Amino acid sequence: MEGVSFALLVAAFCLTLVLLYFWGQAKNDYNDFDWFNFGNMGFWFPWSMVLLVIAAGFFTYITVLMLLAVCLLSEGQKLYLHWSHKIGILVSLTFSIVTTAVLSDLWSKEWTTLLLSFQVTAPYLHVGGVLLMTALAWPIALHFFRMNSRVKQVLILGMYLTVLSALYLVPLGLYSPCIKDEGTLGPAPALIGHRGAPMLAPENTLMSFEKAVETGSEGLETDVTISFDGVPFLMHDHTLRRTTNIHEVFPNQTDTSAAMFTWADLENLNAGAWFLSHNPFGTASSLGAEDRLRAGKQSVCSLQAFLQLAAQKDKLVIFDLYRPPRGHPYRDTWIQRTLEVIQNESSIHSSQVLWLPSDLRALVQEIDPELQQTSGSRLPLQELQRNHIVKLNLHYSSMSAELISEYAAVNITTNLYVISQPWLYSLAWCTGVHSVTTNAPQLLSTMSSPLFLMSPDEYNLMWILTDLVSLVLILIIFGFHWWRERVLAFCSGSKITLDNGTYIKFKTG
């Protein structure tokens, strides 16, 4: 029974570790996760951070039990787990399995994020793995020399050496774009503020874009909807429920499409108070009194005002353009109306606009050939060139040095969205990405070099030294246990074995 408990403990340790690492690396997309839950539940709560804290709690608890178990077994003791700990192990195991399964179903793309993280963390995970195997040498050596069965000795030592050797040689097949020769690192990717600077101001408001400009963004990203009377305005969601006070002004129309309101109605809405009350990024409290007051008074921003700001600050703009629903007066002329604002109602130059909508692209090119045609899809090179595409706008999961180089060879640059974590920005930098859309321009603009950047010589030195130090320590540990068992055998006149030795009953609770 205790053997089953230990097996479950090992399984719980592995699964809680996987869950914690998986969700820890998914931090880049916590905001999307929380708003997804808001859309389904109807109320705001930082579920992402709650999940991270719970996962960390279970992992810490299981790790403590695991360390205790290893210490007991390494000294020849038996593990007698208290029933409460057995229940705790089962709860941790069940939580890890269910949570991982649910997240995999709803957010399967996060596994791609996990794989990307290995490209920057793998060298350090290798060091951690070697240290763990070195620490395990103590209990394994003790058991090895106390066994009286040659078959068991060969089996346990063979398994240990196989895993250890594989771990020592892992770097031979390791790839990390941040392991680069000196002088081969390209320039830092340009920053495009995702709906402005949404950690510093309410998204898609004029204040948010001004903050993005202040923090060094070279471009501004937004989402455009057209009001019922033909005024293009900025709104990401199809309804006004999340980012305005529509429940106060128009309580019976909270689920009505944003495009079905007139501009006069939209101007009556507050588009900033929600930012202070929900605090979506946990950053609202860092704002000064003046900024908090200003944020709380933000209104829905028109496309014209957005373009004027970009024109004044000489910034690039990129936006998604939503087609109005059926019954809308501009259902079939939404693109022409948007082009009218760009050409006739703002002072922005067409070359500052990265035109992303794929609908009627040939017509758009005919009307305004100076727009920078941008594709949101990975299309064949021939099709991209035929459509005069000069930039790709792709999800960061598409990150690939080969892909970026292939498109750059035909003068097509790459923008990745949404990258807000320093490690992910570092990976994009090392990969050669030209620009990234980010929620955190104020953070990424301060980075002077990628995290985890090292030369091949530096990495080889780290790899070889880690393996050599580990090998020396393991030999010392095995030598010590061989010497100790000989001394004990000499003193007692008999050899202590695990099979027939006496164990002290040690309860854990």
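**Exercise 1. A buried histidine**

Which backbone nitrogen does the side chain of H328 reach?

*Solution.* Step 1: find the partner. The side chain of H328 reaches the backbone nitrogen of Y330 at 2.9 Å. That is a polar contact: a pair of N or O atoms within 3.5 Å, where within protein one must be able to donate a hydrogen and the other to accept it, and residues adjacent in sequence count only if both atoms are side-chain atoms. A note on the source: this is a predicted model, where local features need pLDDT of at least 70, side-chain atom pairs count only at pLDDT 80 or more, and totals for chains, interfaces and linings use all residues. Residues are numbered from 1 along each chain as its sequence is written, and side-chain values use heavy atoms, with hydrogens and water left out.

Step 1: H328 sits in the loop between β5 (316-321) and α13 (334-344). Helices (H or I, at least four residues) and strands (E, at least two) are DSSP runs, numbered from the N terminus.

Step 2: H328 has a relative accessible area of 5%, so H328 is buried. Buried means under 20% relative accessible area, exposed over 50%, partly exposed in between (1.4 Å probe, protein chains only).

Step 3: list the neighbours. Leaving out residues up to four places away in sequence, H328 touches I226, S227, F228, A259 and M260. Contact means heavy atoms within 4.5 Å.

**Exercise 2. One face of a helix**

Which residues of helix α16 are buried, and what do they pack against?

*Solution.* Step 1: pick out the buried residues. In α16 (residues 401-408) they are L403, I404 and Y407.

Step 1: look down the axis. The buried residues of α16 fall within an arc of 95 degrees, so they line one face of the helix. The arc is that of the directions from the helix axis to the C-beta atoms. An α-helix has 3.6 residues a turn, so residues three or four places apart point the same way.

Step 2: name the partners. The buried residues of α16 pack against α15 (381-386), β8 (391-395), β9 (413-417) and α17 (422-431).

**Exercise 3. Two helices that cross**

At what angle do α5 and α17 pack?

*Solution.* Step 1: read the geometry. Helix α5 (residues 110-146) and α17 pack at about 70 degrees, with axes 10 Å apart. Axes are lines fitted to C-alpha atoms, for helices over the stretch in contact, and angles run from 0 to 180 degrees between N-to-C directions.

Step 1: classify. α5 and α17 are therefore roughly perpendicular to each other. The class covers 65 to 115 degrees; under 35 is roughly parallel, over 145 roughly antiparallel, and the rest oblique.

Step 2: list the contact. α5 gives T113, L116, S117, Q119 and V120, while α17 gives W423, L424 and L427.

Step 3: zoom in on V120. V120 has 1% relative accessibility and counts as buried. Besides neighbours within four places in sequence, V120 contacts S176, C178, W423, L427 and F452.
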